[in-house]
Amino acid sequence: MTRSRPRRPAPVDPAVRALVAAQRGVSRRSVLAGGLGAAGVGALLAACGTGGTPGSSGTSGPVTDRSETEKVVRWANWTLYLDYDEATQSYPTLERFSAETGIEATYAEDIEDNDAYFGKVQGQLANGQDIGQDLVTLTDWMAGRMVRLGYTQELDKANIPNADNLLASLQDVSFDPGRAHTMTWQSGFGGLAWNTQAVPGGLRTVSDLWAPELRGRVEVLSEMRDTVGLIMLDQGVDVAGEWGDDEFFAALEVLEAQISSGQIRQVKGNSYAEDLVSGDALAVIGWSGDITVLNFENEPMWEFVLPEAGGTLWSDNLMIPVGSPHKANAEALINFYYDPEVAAEVAAYVNYICPVDGAQEAMAAFDPELVDNELIFPSDATLERAHVFRALTPEEETRYNDEFQAVIGN
Amino acid sequence: MSIVTAIGHGPGNARAATSPARAARGPAYLLLAPGIAYLGVFFVIPVVALLVTSLYVPVPGGDVGQFQPAFEWQNYVTVLSTYWPHLVRSFGYALVATLAALLIGYPVAYAIAVRARGRPFVQAMLLVLVIAPFFTSFILRTIAWKQILADESFVVAALRAVQLLPPDGRLTATAFAVVAGLTYNFLPFMTLPIYASLERLDPRLVEAGGDLYASGPTTFWRVTLPLSMPGVVSGTLLTFIPASGDFVNSVLLGNNGTTMIGQVIDSRFFKVSDYPGAAALSVVLMVAILLLVTSYIRRAGTEDLL
């Protein structure tokens, strides 16, 4: 550079000129100083921190609800868990919610695993910060942890008149008495599934998975409560009742033996479905809705049953995280999905158990074939054979998880 | 190609001899500031947070995942005594994968850089083929491997037919598949630096070897290989380090008997909510890699090449 360039005249466009002026006003030094100052580093360290003690949480105080001025609601859910229209690439019921209420809904398939999602957001929740979602969908035991830790906002039932439609069996749950903080989204069964061509005789009990001809072609879930729960049921333990270390470790021993003998090929999350398709897995411990979707997307060749000794029953629950500034909007959304007709439409797509009373009658108008589908509207006889894994104390949860992870190779 | 060259040979060695004028330092630091700030925010602070977290203890009577600051060095003893087999396994897999990548990558790099020399179009096409896999996410490619090696695939059927696999043998969910996946995924990181080194190989030196009555293999061993060592060292490091921390290949292609240390850290953090344990394992992994790499570079005698 031999010649210095003359300073350019300011741009003519007023908007651009304002931008340039703003840019010149801030010196680079002050930006760096601000970003790296002691306060910045402190905040960063706090953000990276892990939970902290119970007393130290909630430093920012209760959030004010801005639902009146900001007509938005942000919802984090699992994949394949809301009716989706391939042709228009949209969620029909969600569009209708926006049209009816004027509230713009953002839907994210953010949740792949309860623990992983909790691990991602718990630092912010402990500080009472907005995690960027107004509604999250988590399974019973994790919902229990969220409520216990004070990471959820209490629901105002006056905003959710349809809450009365919640099935009676789900209205009072141990982890959230009186459903003050959570509402069920969908429920499902953990049970046995198999390839009907390779295993024409089918499976009736969990022990059938250990047949020599299935060696190396069996997969079980990495969700402790389903896999260990089903083995415990097979051993005659009521997973919902009072049981302790002896029963848990007896079941874990079976799992360990079947893994080390090579009977169980892999322990997996949702991806066991891919192995059923590729043929690597012929028989699995899996989830009811997955199998329906698999049969729908591929040539139907898989069957799902609850084992004779009983299966597991779990629910995913909607809740409003502590830092959400759009509580009333989130409540409006819950209310919308507790309308029986909307619930029937969702159930017809996701194929999990619908928690809304009256949806079965509404389904008659929507898709008569599904009215008698046991996986969506289970009969009392079926429900009697499905059990909810009892709530664990924090101490038990840590210890059992630790042992389970060790057995599955982690 | 400039990136490739940069991997093999950092500039700057040559310039270090002529010391810059003292007055030029100010702007130099100013230009370095973004880099230093970036490293400060995204490397130093996280590492400090990691070290601090690794010494935390659970809150007495607290809920899952609640910890408080402490100096619990016992955390390191616990994770090391529990997970040393996983550490050994990870480094073992990474070592085998690195050697396999070297055996596959060196001839490829040699063919492109030396044999195809003077044919720029062929060279360019071959290089594109080496880099082409990067155009797709490596997770997708590894999932594709799962299908290719599945029990019902023709690969397994063929191996069974020629008795290389027993009738009930399989490829997925085995250590072999994990190492093969690691080798495949990191192969370009091995090939490109070696290519960059060989590309600059002066053919006159090889000719001189022949003129001095060295046989082909001797010339390769005494001339070509030593001159390509910078590429070999960079390539092995670029393969070994990420391979030992990798967990995608083991998750997708392995099973419970092939768990690598990255999977354990993932499970400690996300499944058990044992944040101090996960942090302590991460520190152990970092230190172990640092020690291994330092002793390797010492032994290779190529400190000045990196």
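Mentor: Let us begin with a single residue. A:Lys327 counts as buried, because its relative accessibility is 16% and the cut-off for buried is under 20%. Please keep in mind that this is a predicted model.

Trainee: Where is A:Lys327 placed?

Mentor: A:Lys327 lies in helix H12 of chain A, which covers residues 327–337.

Trainee: And what is A:Lys327 in contact with, leaving aside neighbours within four places in sequence?

Mentor: With those neighbours set aside, the contacts of A:Lys327 are A:Asp65, A:Ser67, A:Gln153, A:Glu154, A:Asp156 and A:Ile320.

Trainee: How many of the residues in chain A count as buried, as a percentage?

Mentor: The figure is 53% of the 410 residues of chain A. The accessible surface of this chain is about 18,700 Å², and carbon and sulfur atoms contribute 53% of that area.

Trainee: What about helices and strands in chain A?

Mentor: Chain A contains 16 helices and ten strands. Taking its contacts between residues at least 6 apart in sequence, 76% join residues at least 24 apart.

Trainee: Let us look at a helix pair there. How do H4 and H13 of chain A cross?

Mentor: Helix H4 (residues 92–101) and helix H13 (residues 340–350) of chain A have axes that come within 10 Å and cross at roughly 155 degrees. H4(A) is therefore roughly antiparallel to H13(A), since angles over 145 degrees fall in that class.

Trainee: Which residues make the contact between H4(A) and H13(A)?

Mentor: H4(A) contributes A:Pro92, A:Thr93 and A:Arg96, while H13(A) contributes A:Val342, A:Glu345 and A:Val346.

Trainee: Changing topic: what does chain B look like overall?

Mentor: Chain B has 13 helices and two strands. Its C-alpha atoms fill a box of roughly 80 × 75 × 35 Å along the principal axes. Of its 306 residues, 42% are buried. The accessible surface of chain B is about 16,400 Å², with 72% belonging to carbon and sulfur atoms.

Trainee: How far is B:Ser282 from B:Arg119?

Mentor: Their C-alpha atoms are separated by 47 Å, and the two residues are 163 residues apart along the chain.

Trainee: Last topic, the surface. Which residues form the nonpolar patch on chain B?

Mentor: The patch is formed by B:Tyr38, B:Leu39, B:Phe42, B:Phe43, B:Val44, B:Val48 and B:Val52, which together have about 700 Å² of accessible area.

Trainee: Take B:Phe43 from that list. Why does B:Phe43 count as partly exposed?

Mentor: B:Phe43 counts as partly exposed because its relative accessibility is 46%, and that class lies between 20% and 50%. B:Phe43 is found in helix H3 of chain B, residues 25–53.

Conventions. Residues are numbered from 1 along each chain as its sequence is written. Chains are lettered from A and ligands numbered from 1 in the order in which they are written. This is a predicted model: local features need pLDDT of at least 70, side-chain atom pairs count only at pLDDT 80 or more; totals for chains, interfaces and linings use all residues. Side-chain values use heavy atoms; hydrogens and water are left out. Patches are made of residues with over 30% relative accessible area and no salt bridge: like charges are joined within 9 Å, nonpolar side chains (Val, Leu, Ile, Met, Phe, Trp, Tyr) within 5 Å. Accessible areas come from the Shrake-Rupley method with a 1.4 Å probe; for residues, only the protein chains shown count as cover. A salt bridge is a side-chain nitrogen of Lys or Arg within 4 Å of a carboxyl oxygen of Asp or Glu. Helices (H or I, at least four residues) and strands (E, at least two) are DSSP runs, numbered from the N terminus. Buried means under 20% relative accessible area, exposed over 50%, partly exposed in between (1.4 Å probe, protein chains only). Axes are lines fitted to C-alpha atoms, for helices over the stretch in contact, and angles run from 0 to 180 degrees between N-to-C directions. Angles under 35 degrees count as roughly parallel, over 145 as roughly antiparallel, 65 to 115 as roughly perpendicular and the rest as oblique. Contact means heavy atoms within 4.5 Å.
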